Amino acid sequence: MAIKLEDKKAIVAEVSEAAKSALSAVVVDARGVTVSAMTGLRKQARESGVYMRVVRNTLLRRVVEGTPFEVLTDTFKGPTLIAFSNEHPGAAARIFKDFAKGQEKFEIKAAAFEGNLIAADALASLPTYDEAISQLMSVIQGATSKFVRTLAAIQAQKEASAA
């Protein structure tokens, strides 16, 4: 089906706007996925702050031109669904990784983060903000409790040598 020039410009403008504020991008081939499954995926993506769109490859090349996602250009072959993560870099990759477990034909082609191609599994394993804060607090708590135990041991050693 032919798309009018005005419609193509509108698509490029819309997807470009999403790409400007995105932290990462993931490209997938969604051939063979049922409509109901895609509807569920789109809903899950919206709730996670992920912009998803099926775009023609020629238009997608125009969208990513001059952006950190230009490294994905070689993966634009066949039907292409692109997702931009806006709130957390690993959100789209995490959603697609979970979705692919139940879909045989759903294939993650590539992912980009900060201008580099990155494995989607690595991107999906990035901790969320809350998880990162929790990990940091755990490290700080461990270090301070070890410091307190060391001070207590030094004090006990001095008291033992003074007695």
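**Cores, sheet and single residues**

Guide: In this predicted model, the largest nonpolar core has 22 residues, of which Val-26, Leu-41, Val-50, Met-52, Phe-96 and Phe-106 touch the most other members. The elements that contribute two or more residues to this core are S1, H2, S2, S3, helix H4 (91-100) and helix H5 (120-124), and H4 provides the largest share, with six residues.

Visitor: With which residues is Phe-106 in contact, leaving aside its neighbours within four places in sequence?

Guide: With those neighbours set aside, Phe-106 is in contact with Val-28, Asp-29, Ala-30, Val-33, Leu-41, Phe-96, Phe-99 and Ala-100.

Visitor: How should I read strand S1, and why is it largely enclosed by the rest of the structure?

Guide: In a regular strand the side chains alternate between the two faces of the sheet. Six of the six residues of S1 (residues 24-29) are buried, so the strand is largely enclosed by the rest of the structure. Both of its faces are covered, with Ser-24, Val-26 and Val-28 buried on one side and Ala-25, Val-27 and Asp-29 buried on the other.

Visitor: Which strands pair with S1, and in what sense?

Guide: S1 pairs in the antiparallel sense with strand S3 (residues 81-85) over five bridges, and in the antiparallel sense with strand S4 (residues 107-113) over six bridges. On the S3 side, Ala-25 stands opposite Phe-84, while on the S4 side Val-27 has Ala-110 as its bridge partner.

Visitor: What is the order of the strands in the sheet, and which of them stand at the edges?

Guide: The open sheet has five strands in the order S2-S3-S1-S4-S5, with antiparallel pairing. Strand S2 (50-54) and strand S5 (116-118) stand at the edges, each with a single partner strand, so one side of each is left without a neighbour in the sheet. Neighbouring strands of this sheet are turned by 25° against each other on average, direction ignored. Helix H2 (residues 35-47) packs on the sheet, touching S2 and S3, and its direction makes about 145° with that of S2.

Visitor: How are aromatic rings described, and which residues form an aromatic cluster here?

Guide: A pair of aromatic rings is described by the distance of the centres and the angle of the planes. Four aromatic pairs are counted in this model, and Tyr-51, Phe-69 and Phe-84 form one aromatic cluster.

Visitor: For contrast, is Asp-130 buried or exposed, and where is its place?

Guide: Asp-130 has its place in helix H6 (residues 129-162), and at 59% relative accessibility it counts as exposed. From C-alpha to C-alpha, Asp-130 and Lys-101 are 25 Å apart in space, and they are 29 residues apart in sequence.

Key: Residues numbered from 1 in each chain as written. Predicted model: local features only at pLDDT ≥ 70, side-chain atom pairs only at ≥ 80, totals over all residues. Heavy atoms only, no water. Buried < 20%, exposed > 50% of the residue type's maximum accessible area, 1.4 Å probe, protein only. Helix = DSSP H or I, 4+ residues; strand = E, 2+ residues; numbered from the N terminus. Pairing = 2+ DSSP bridges. Axes fitted to C-alpha atoms, helices over the stretch in contact; angles between N-to-C directions. Contact = heavy atoms within 4.5 Å. Core = buried A, V, L, I, M, F, W, Y, C linked by side-chain atoms within 4.5 Å. Phe/Tyr/Trp six-rings, centres within 6.5 Å; stacked < 30°, edge-to-face > 60°.
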